[in-house]
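Please have the sequence and the structure open while reading.

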Amino acid sequence: MQTMNFYDRYAAYRDGGFSRRVRSVSDGEVRRVLDKHTLSPDDYLSLLSPAAMPHLERMARKSHALTVAHFGRTMVLYTPLYLSNFCTNHCLYCGFSRNNRIVRRQLTLAEVETEARAIAATGLKHVLILTGDAPDIAGVDYIASCCKVLSRYFPAIGMEIYALSQADYARLIEAGVDSLTIYQETYNEALYGRLHPKGPKRDYRFRLDAPERACRAGMRAVNVGALLGLDDWQRDAFFTGLHAGYLQERYPQAEISVSLPRMRPHVGGYQPGCIVEDRHIVQAMTALRLFMPRVGITISTRESARFRDRLLPLGVTRMSAGSCTAVGGRTDRTDSTGQFDISDERSAPEMVDMLRRAGWQPVFKDWQSLGG
């Protein structure tokens with residue numbers, strides 16, 4: 001008997017008339033869901049519906065209470081480190097797309113160490129490494145070598161790179177990687193194909209199953225998400241939560257979290273298929289928290305400083321600080337194009353000051369391997 005995977009669960013809702021269902025939710029249904037303690041996927045869908053918009057204040061209060069109950073008034077801080085922007089994909093919405101004429105760079109191991117020293121000097125202990133999708137250039141061997149350098153400076157190394165096999169995930173875990181972030185970009189399978197006309201990323205199923213392969217390989221933490229704005233935000237927010245719920249249920253030993261990135265300007269200028277307003281981000285975040293009280297929620301510097309500060313009490317557990325989306329951009333002034341424009345440019349010390357003034361405890365290190 002074949003074991004069910006997430007695609008089976010996805011297909012059941014995809015083929016069930018999602019758009020009709022989300023728009024047929026009544027005010028009474030939303031009220032009943034808000035009186036419940038444990039929510040089903042259908043309840044989660046109700047909280048993402050237009051009918052839930054008038055109830056955002058109540059959703060926010062419940063979301064805040066659940067977040068404090070499960071995570072306390074703490075906020076884990078991390079920063080991204082771009083190792084390479086070479087890419088073989090033709091993603092229509094990405095600044096690193098092969099079609100875009102940008103300066104391509106890849107850090108040497110010496111440059112990785114220089115960047116690591118600069119980040120470590122700010123006090124940050126969690127780093128997220130990123131590359132384009134070019135395995136022949138920034139392959140697993142290269143990434144493993146970078147991790148060996150970075151492990152001298154950081155107890156926690158996450159990665160946001162192209163989808164890998166289970167064996168390659170296991171190899172990078174051995175090299176020091178402890179968490180994976182991977183966005184499906186959009187869960188709309190037909191749209192996904194149009195957005196990725198060429199390149200290895202075109203394989204929808206291989207990318208969709210990557211978080212589960214990482215969990216099977218022993219990854220400590222896995223973070224999923226969709227790039228909100230590529231498709232109807234409610235659909236992508238729903239399937240992101242459904243995906244996270246599947247992973248949390250199937251792999252209770254892994255720390256499962258969700259990111260809610262919204263499209264930002266970038267080289268190439270792809271226009272979003274859906275305008276995602278601030279209130280939509282609030283609705284997506286609070287609905288997710290009510291559906292999954294123990295899930296981590298990340299808000300990156302794609303959002304403005306003012307908006308991130310307002311989101312702080314509504315369910316966020318992780319925030320980036322001192323971000324730079326250009327390869328070697330912290331220590332080398334060589335012209336290097338970032339993947340997208342950063343909206344919140346605050347440094348790590350500035351983020352720490354903001355959090356403390358707001359009554360939250362900034363966390364630089366929230367775990368340590370037994371070998372560390």
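A charge sits over a ring if NZ of Lys or CZ of Arg is within 6 Å of the ring centre and within 35 degrees of the ring normal. The structure discussed here is a predicted model. A pair of aromatic rings is described by the distance of the centres and the angle of the planes.

**Charges over rings**

- Arg 205 has its charged end over the ring of Tyr 7, at 4.0 Å from the ring's centre.
- The ring of Phe 206 has the charged end of Arg 213 sitting over it, 3.9 Å from the centre.

**Aromatic pairs: Phe 18 and Phe 239**

- There are 15 aromatic pairs in the structure.
- One of them joins Phe 18 and Phe 239, with 6.0 Å centre to centre and 35° between the planes, and this pair is tilted.
- Phe 18 belongs to helix α2 (residues 18-23) and Phe 239 to helix α12 (residues 233-250), so their pairing ties together parts that are 221 residues apart in sequence.
- Phe 18 counts as buried because its relative accessibility is 4%, and buried means under 20%.
- Phe 239 also counts as buried, because its relative accessibility is 1%.

**Aromatic pairs: Tyr 153 and Phe 154**

- Tyr 153 and Phe 154 form a tilted aromatic pair, with centres 6.4 Å apart and 45° between the planes.
- Tyr 153 has a relative accessible area of 21%, so this residue is partly exposed.
- Phe 154 has 3% relative accessibility and therefore counts as buried.

Notes: Residues numbered from 1 in each chain as written. Predicted model: local features only at pLDDT ≥ 70, side-chain atom pairs only at ≥ 80, totals over all residues. Heavy atoms only, no water. Phe/Tyr/Trp six-rings, centres within 6.5 Å; stacked < 30°, edge-to-face > 60°. Helix = DSSP H or I, 4+ residues; strand = E, 2+ residues; numbered from the N terminus. Buried < 20%, exposed > 50% of the residue type's maximum accessible area, 1.4 Å probe, protein only.
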